[in-house]
Amino acid sequence: MSIAAAHASDQGSRFLWVALLPLAGFGALVWGLLHHPLPWHGGWAWVPSLGVEFSVHIDGLSAQFLALITGIGALVCVYASGYLAHEPRRGRLFLILLAFMVAMIGAVSVDHLLVLFVFWELTSLTSFLLVGFHHEDEAARNAARQALLVTLSGGLALLAAILLLGDIAGSYSLQDLIAQGPALAADPRLPAALILLLAGCFTKSAQFPFHFWLPNAMTAPTPVSAYLHSATLVKLGIYLMARLDPAFNDLWLWESVLVGVGAFTAVWGAVLALRERDLKRILAGSTISALGTLTLLIGLPNPGASLAAVAFLFAHALYKAPLFMVVGNIDHATGTRSIDRLMGLWRAMPWTAAVAMLAGLSMAGLPLSFGFVAKDLITIAKEDAELLDAIGYATLFVNATVVAVAAVAAVRVFGGPPEWPRDRIHEAPWRMILPPLLLALIGIEFEFLPDLADPLLAVAAQAMAPELGAVDVQASYVFGTVLTAAELTLLIGLALFLIWDRLETVLRPTRWLDRFGPTAGYQFLLESLPRVASWQTRVLQHGRLGGYLRATLVSLMALTVGAGLATWLNLAEAGTRWLQDWRLVGNDWPAQSWAWLTAAALMLAGAAASVAVRDRMALLMTSGLVGYGSAALFLFTGAPDLAFTQFAVETALVVVAAAVLPRYGPPPALADEPYRRNALLAVASGAGVFVLLLGMLALPQDPTLADWFGAASLPQAHGHNVVNVIIVDFRALDTLGEITVVVFSLLAALPLLGALIRARQEAA
Amino acid sequence: MTGRALLLERTTRPLYGILLAAAVWILLRGHNAPGGGFIGGLVAVAGTAAYAMVFGPVAAQRRLPFGPMPLALLGAALTLVSGLPALALGRPYLTHLWWNLPLGFAELPLSTVLLFDTGIFLAVWGTLAGYVLALLRGGEMDRGGTP
């Protein structure tokens, strides 16, 4: 046992070096911040023909996100090397995790909106793979799919918003958009663009009503949750809203939607946290709540709110990530995350308990922690803004819940008499202690890195609110009214903590909402998809050839009638001209007329015979006659190439069908076919096409292309046969595509035919 | 068709050769007269179908160079490749190049167009022959024969 364990831990440390990659990024960022003033520019052309430039613009806000992504990323890698020491596929996880990091770094660094969209979607895709990492577990698969569908739908809305904004502003550069700012409001399309943009951000950042994917995504391995669902991925929507805030924060729409949705999400997330028993899902609920608070803060127009937002963003990442890791350690040691079964763990897991205490202090916003500073700033920002009383009470409730959640995570599961026999649970290895401990320490005493922290927060806030002057975050401790509000919050939070077990009953009425809420809506949509698919398959793909033909002809008829109506006015004129041109009345007939008439007679005879005969082989021949007749017609109307092709197609078809048909037994009874209805349909579609052609002939014809091809064929492409030159030279790319489709059709059909052959073999 | 059709068997073998020769001729003349890779391919398919009708799909497949799927893929690959030389010369993809090969008594006009058209020919032949042979094999079972 011990040998195997030692071996496994060796295996785990093999991946420790991965942490060096984000660490190097973090180091480079710190070095850059100390030596070069922000913002940094750079970039190169990517798709010059579309004006897409890979332009990088890093200001305070980007730098803050980069610090979170690389710094926490390095620690998460260390943590994961311990957490996944026994996971044989962990190499894959590290690879996807790094890909996700790159996508996040790209998303918060680039200036071009379309490039940002590419990285945005990459984060969705990689997070799908990470959430569904344990893909043998159905719950993980469903959660991954849910997260993907929700965030990708939002991504589509975002793309539409980007295109609209690009059209309105005449530029896809974020900096250009911000520079134009309020001037954009003059465009009537702006509200639509903003709604779409916010839909994209809300899905990504788990705002109501798109929040439901986040708690379910807790099936992901804990390092993934600690990284994606507390510090990075879910903050990407927050990032984009914060980034565009200076352009739009004067708009009533922007402010009201952000404040309204943010406040409601904050409350709803708190409710979700309060009624959970799974520690990880409790944290997920409180994360939704925190994201709502961030959205609310971005929506507030005063500059203080921007400072509060960036401070809270930092503080939240610094306490939520370690708390997730703490839950991971508990899960690792005990195999459960249910708070009903966890108690008195401090004796067996003293280090994890210490980390939980430190992070919990910051989360609860107790003095001397960075959480306290953030909460302080939030309170000031909200007092400055003129908010509804309801939002004030909501904030109190949300903050109290945060305190209660912190107490549950830090006190409840560790305190009390030890319920677990000590030999059964063990403290986590150092790789799973050090990363959360470091984060929690930074969170508890942010003066730990004073040279980095203060300016970083200030420049980040200034990126959101340019009018904000120099700030000293640490100096904003104001004891007074703020502290009393904090005391009240603490008291209510403690009360909530004490009655936690009874809250489930109290909050039971909210379960009623679930039946009609967003989750139910998602489930309904998901289940409707196969239902609609099977319905339309039953109706359209019934397997009866006659029905397919009728459906095709009726669709064709509908098109014909539509086109005929569009050219209706030309018809009379067309008829007259047709009669004159073809000299059916008056004048002499041209020399080829007899050939035309013969060809037409051939086709008519073929058609008439096809209706009359019932034998399959005879039908093949008579319908072939129609084809040969039309080929002859082409031949005498100056299209020898078309005629040749028609002859070849018709011959090949007849030969192939004659070879294949006799081997497939007697034909199915034609008696089932509605003979009269078919005849009527055939005549009607024939007449429809005739009228359509007549209408087309009446339209003026543009000979530019035909003349050009005729003139250019020999000098430019060395060929007399214009048709062939067009196929193989002028439009060679089209032909290449068509020929590829032809070949691929066989690639798809061969397995099907093979299955048919095998089925018949087994039946025989 | 039950039993053997001697007359058909005697005529089909030379007919197959004639049809293939005609198909290649149609392919080659296509640039200046009616014809080309597509029509040539169709004629070749007619030959394959006729052969398979008389001697069975297995025998017909044996006469098909490389077999249907590789033949079709080879054709698609030829059309793809024929556009590459232009890239090497810095021209847009699929810009066709011509080269008159002096033979002493005459000049043989070679071009990437011919490569392209040959690709179409092989792709059409391989694909449609693949369909025909698979359908025939499926049909064989119906008659209790062996595929």
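Helices here are DSSP runs (H or I, at least four residues), numbered from the N terminus. This is a predicted model, in which local features need pLDDT of at least 70 and side-chain atom pairs count only at pLDDT 80 or more, while totals for chains, interfaces and linings use all residues. Residues are numbered from 1 along each chain as its sequence is written, and chains are lettered from A and ligands numbered from 1 in the order in which they are written.

At 1.5 Å a residue, the 21 residues of α13 (residues 279-299) of chain A should span 30 Å, which agrees with the 31 Å between its end C-alpha atoms; the expected span is 1.5 Å times one less than the number of residues.

The domain assignment, automatic or from a database, divides chain A as follows.

| Domain of chain A | Residues |
|---|---|
| domain 1 | 1-248 |
| domain 2 | 267-506 |
| domain 3 | 553-666 + 680-701 |
| domain 4 | 705-764 |

In chain A, 40 residues of domain 1 are in contact with 44 residues of domain 2, contact meaning C-beta atoms, placed from the backbone, within 7 Å. To this side of domain 1, α3(A) gives the most, with 14 residues.

Between chains, 44 residues of chain A are in contact with 51 residues of chain B, and α32(A) gives the most to the side of chain A that touches chain B, with 17 residues.

Key. Two residues are in contact if their C-beta atoms, placed from the backbone, lie within 7 Å. Helices (H or I, at least four residues) and strands (E, at least two) are DSSP runs, numbered from the N terminus.
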